[in-house]
Amino acid sequence: MARIQFTPQLRRFTDTPELECAAATLAEALAAAFVLNPRLRGYVLDDQGELRPNVAVFVDGRRSQDIHQTLRADSQVFVLQALSGG
C-alpha cells in the first residue's frame, strides 16, 4: 500500500494523518487523507483542485506537481510546505 506522510510544517495548522492506502494516483492518496481531516484539503489544494504553489510533494524521492501521478503499491509520498526567503 502507498504511504502518505505530511511534514511538521503543515501540522502547525491542522492535524495531518499519516496513512497507508490502496491509491492508484496521488489524487486518490490525498483524497484518503482528506477523508480523515477535511480541513487539510484547503492547505494542500487550491480551488481548482491542484496543488498549491506553496506545497511540495515528493513521490518516491522525486518532486511531483502532477496531482494525477500514478503511484506504485509501495510508493512513499511526502507532502510539505515549500519554504521561501533567504
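The model before you is a predicted one. By this rule, it holds four salt bridges. I shall take you through three of them.

Let us begin with Arg3 and Glu18. Their closest N and O atoms are 2.3 Å apart, and the two residues form a salt bridge. Arg3 belongs to strand β1, which covers residues 2–6, while Glu18 sits in the loop between α1 (8–11) and β2 (19–21), so this pair ties together parts that are 15 residues apart in sequence. As for accessibility, Glu18 is partly exposed at 45%. Arg3 is likewise partly exposed, with a relative accessible area of 24%.

Arg3 has a further partner. A salt bridge also links Arg3 to Glu20, where the closest N and O atoms are 2.8 Å apart. Here the contact runs from strand β1, which holds Arg3, to strand β2, which holds Glu20, and therefore ties together parts that are 17 residues apart in sequence. Glu20 has a relative accessibility of 48% and counts as partly exposed.

I turn now to Arg72 and Asp74. Their side chains meet in a salt bridge, at 3.0 Å from N to O. Arg72 is partly exposed, with a relative accessible area of 47%. For Asp74 the relative accessible area is 47%, and this residue is partly exposed.

Thank you for your attention.

Note on methods:
Residues numbered from 1 in each chain as written. Predicted model: local features only at pLDDT ≥ 70, side-chain atom pairs only at ≥ 80, totals over all residues. Heavy atoms only, no water. Helix = DSSP H or I, 4+ residues; strand = E, 2+ residues; numbered from the N terminus. Buried < 20%, exposed > 50% of the residue type's maximum accessible area, 1.4 Å probe, protein only.
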